Amino acid sequence: MDEIRDVIEGKAALLETGDAKEVMAHYAPTYVDFTLAPPLRQAGDGRDPAPLEAWIATFEAPPRREVTQLEITTDGDVAFATSIDRLSAVPRGAAEGFSMWFRVSLGLRRIDGRWLVTHEHESVPFEMDGSFRAAIGLTP
């Protein structure tokens, strides 16, 4: 499980360096991606760092991602992991930054001896009071 923990925490740490190519090295060549931003489903291409580079460029500096409450389950060459992560960043042109917590579920497979992300799902709860606003003020 240490290998899987290294993949998950390693890709989070690499995000802060802004090296999208190195972050994407932790993903399978094709993967399913349910991110916080629309659309509902995205087909991920682990060989193409361009979408991640474009997202990183929307911030004054690469964002920081903190992985907490990481739980990992494995069976053979398949693993499932959940965590509560925090993203902190300053949007380009903004006077101040933000920090928000969100939920993450990952599916990983051991491919050619390496654990790679094959499924990533990130979500933020929303208010059930009829406003449907994202509940970004939650903390663990």
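Student: How many aromatic pairs does the structure have?

Tutor: The count is 4 aromatic pairs, where rings of Phe, Tyr and Trp (its six-membered ring) pair if their centres lie within 6.5 Å, and planes under 30 degrees apart are stacked, over 60 edge-to-face and the rest tilted.

Student: Why is the pair of Tyr27 and Tyr31 called tilted?

Tutor: The ring centres of Tyr27 and Tyr31 are 4.6 Å apart and their planes stand at 40 degrees, so the pair is tilted. As for the source, this is a predicted model, in which local features need pLDDT of at least 70 and side-chain atom pairs pLDDT 80 or more, while totals for chains, interfaces and linings use all residues. Residues are numbered from 1 along each chain as its sequence is written, and side-chain values use heavy atoms, leaving out hydrogens and water.

Student: Are Tyr27 and Tyr31 buried or exposed?

Tutor: Buried means under 20% relative accessible area, exposed over 50%, and partly exposed in between (1.4 Å probe, protein chains only). Tyr27 has 8%, so Tyr27 is buried. Tyr31 has 11% and therefore also counts as buried.

Student: What makes the pair of Phe59 and Phe98 tilted?

Tutor: The centres of these two rings, Phe59 and Phe98, are 6.3 Å apart and the planes are at 45 degrees, so this pair is tilted. Phe59 sits in the loop between helix 3 (50-56) and strand 3 (64-75) and Phe98 in strand 5 (residues 98-111), so the pair ties together parts 39 residues apart in sequence. Helices (H or I, at least four residues) and strands (E, at least two) are DSSP runs, numbered from the N terminus. Phe59, at 7% relative accessibility, counts as buried, whereas Phe98, at 30%, is partly exposed. Trp55, Phe59 and Phe98 form one aromatic cluster.

Student: Why are strand 2 and strand 3 said to stand at the edges?

Tutor: The open sheet has 6 strands in the order 2-1-6-5-4-3, with mixed pairing. Strand 2 (42-45) and strand 3 each have a single partner strand, so one side of each lacks a neighbour in the sheet. The twist from one strand to the next averages 20 degrees, taken between axes that are lines fitted to C-alpha atoms (for helices over the stretch in contact), with angles from 0 to 180 degrees between N-to-C directions.

Student: How do you know that strand 1 pairs with strand 6 and with strand 2?

Tutor: Two strands pair if DSSP finds at least two bridges between them. Strand 1 (residues 27-34) is joined to strand 6 (residues 114-123) by 4 bridges, and these strands run parallel. Tyr27 has Val117 of strand 6 as its bridge partner. Between strand 1 and strand 2 there are 4 bridges in the antiparallel sense, and Val32 has Ala43 of strand 2 as its bridge partner.

Student: What is known about Asp75 of strand 3?

Tutor: Asp75 is found in strand 3. With a relative accessible area of 65%, Asp75 is exposed. Its C-alpha atom is separated by 9.9 Å from that of Arg109, 34 residues apart along the chain.

Student: Which elements supply at least two residues each to the lining of the largest pocket?

Tutor: Helix 1, helix 2 (20-24), strand 1, strand 2, helix 3, strand 5 and strand 6 do. Strand 2 gives the largest share of the lining, 4 residues.
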